Amino acid sequence: MSLRAATRVTRSLSGLLPRWGHGQAPPLLFSQQRNNSTSPKIRVEFNPTSGVAVMHMQSPPVNSLSLDFLTEFCIGLEKLEMDKGCRGLIITSSQPKVFSAGLDILEMYGKSPERCGEFWKAVQEMWLKLYGSDMITIAAINGSSPAGGCLMALTCDYRIMADQPRYTIGLNETLLGIVAPFWFKDTMANTVGHRTTEMALQLGLLYDPSEALNVGLVDQLVPEDQILSAATQTMTKWLAIPDHARQITKSMMRKPTIDRLTSNREADIQNFVNFITKDSIQKSLRAYLEILKKKKT
Ligand SMILES: CCCCCCCCCCC/C=C/C(=O)SCCNC(=O)CCNC(=O)[C@H](O)C(C)(C)COP(=O)(O)OP(=O)(O)OC[C@H]1O[C@@H](n2cnc3c(N)ncnc32)[C@H](O)[C@@H]1OP(=O)(O)O
């Protein structure tokens with residue numbers, strides 16, 4: 001059964017699920033330890049001659065954005081941002097078939113409000129740092145990229161996707177029974193326009209590469225084995241533009257969107273915590289996690 005079809009089953013499944021109290025973790029059916037490995041989740045290769053860094057996301061199995069992952073990602077990004085020799089960043093995945101599975105659902109399920117708040121602050125931080133980066137940022141999307149993974153790609157300046165029909169990309173939050181926050185929505189609308197975003201977000205659309213190219217969610221499709229060379233070629237074109245002019249232009253385009261979150265950060269964290277710890281939302285997340293598990297059997 002496809003995930004999309006499986007998700008439709010969530011609604012009928014949810015009536016069968018046991019109830020649990022607000023803020024109280026239901027029995028742990030899922031491995032909560034998976035992302036606690038101490039091996040680096042991000043590998044950065046920096047070429048001082050070209051001034052370009054490649055960030056490889058290498059957090060098995062699916063580069064889900066856990067608190068640890070996001071912390072490491074932001075530290076890596078900050079280091080590159082502070083290095084005046086680094087002008088461009090390519091983000092890609094070392095995991096087969098997946099760019100990033102989006103936010104780690106286990107960070108949102110059965111966690112205390114305090115921990116949820118800490119997690120959300122890290123998600124905000126990742127977006128603020130990447131969307132506001134002075135560097136040229138290119139997402140080399142070599143696998144599926146739902147929800148938060150799609151956000152990460154949208155936050156870059158340019159997106160190249162592997163032309164592999166089984167990969168999908170999109171903000172599919174509604175399929176999980178959750179809602180893409182306003183700054184996810186703004187980032188997508190800034191890229192593909194209001195109408196496409198309105199429809200995609202309500203329906204939780206996941207696009208295959210050709211559809212994604214058609215709506216402008218990605219800028220270019222290439223065979224998977226050429227994704228890094230294509231990203232490097234595009235980077236060379238962007239590097240030819242004087243940094244200060246490009247950076248001021250980028251900031252002019254993105255500042256109003258960034259300011260909207262910056263001036264509402266605490267309220268946004270509170271909204272997230274109130275929303276995600278609701279019994280009904282926890283129930284949807286649990287059902288979704290069970291579907292992801294059952295997909296294999
Ligand atoms: C009033 C308004 C207020 C608004 C307030 C805010 C509201 C909340 C906003 C939250 C925004 C959320 C954003 C998100 O990103 S949610 C995450 C969405 N992600 C997904 O739906 C992706 C789910 N995964 C998949 O579709 C597939 O795994 C994928 C296509 C990525 C890869 O498929 P593949 O077949 O290769 O791998 P598996 O499905 O077998 O998965 C392997 C293992 O990984 C686990 N897994 C997958 N995705 C996640 C994830 N996102 N988090 C945690 N774990 C994940 C999966 O369960 C498998 O685990 P096991 O190996 O242990 O079985």
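Q: Which helices each supply at least two residues of the shell around the ligand?
A: Two that do so are α10 (265–276) and α11 (279–294). Helices here are DSSP runs of H or I with at least four residues, strands are runs of E with at least two, and both are numbered from the N terminus. Just keep in mind that this is a predicted model, where local features need pLDDT of at least 70, side-chain atom pairs need 80 or more, and totals for chains, interfaces and linings use all residues.

Q: OK! Which helix gives the most to that shell?
A: That would be α10, which contributes four residues.

Q: And how many residues surround the ligand?
A: There are 31 of them, and the closest are A101, G102, L103, A147 and G148. A residue makes the list if its C-beta atom, placed from the backbone, lies within 6 Å of the molecule. To find them, count from 1 along each chain as its sequence is written.

Q: Changing topic: what order do the strands of the open sheet have?
A: The order is β1-β2-β3-β4-β6-β8, six strands with mixed pairing. Strands count as paired when DSSP finds at least two bridges between them.

Q: Which strands stand at the edges?
A: β1 (42–47) and β8 (220–222) do. Each has a single partner strand, so one side of each has no neighbour in the sheet.

Q: How many bridges join β4 to β6, and do they run parallel or antiparallel?
A: Four bridges link β4 (residues 136–141) with β6 (residues 158–162), and the two strands are parallel. If you want a spot to look at, find I141, which faces M161 of β6.

Q: What about β6 and β8, how many bridges there?
A: Three, and this pair also runs parallel.

Q: Why is β6 largely enclosed by the rest of the structure?
A: Because four of its five residues are buried. Buried means 20 or more other C-beta atoms (placed from the backbone) within 10 Å of a residue's own, exposed means 12 or fewer, and partly exposed is in between.

Q: Now the loops. Which residues does the cis peptide bond join?
A: P60 and P61, with omega at about 0°. P61 sits in the loop that connects β2 and α2.

Q: What is the phi of N63?
A: About 50°, a positive value although N63 is not a glycine. You'll find N63 in the loop between β2 and α2 too.

Q: Is N63 buried or exposed?
A: Buried, because N63 has 27 C-beta neighbours inside 10 Å.

Q: What ipTM and pTM does the predictor give the complex?
A: The ipTM is 0.98 and the pTM is 0.91.
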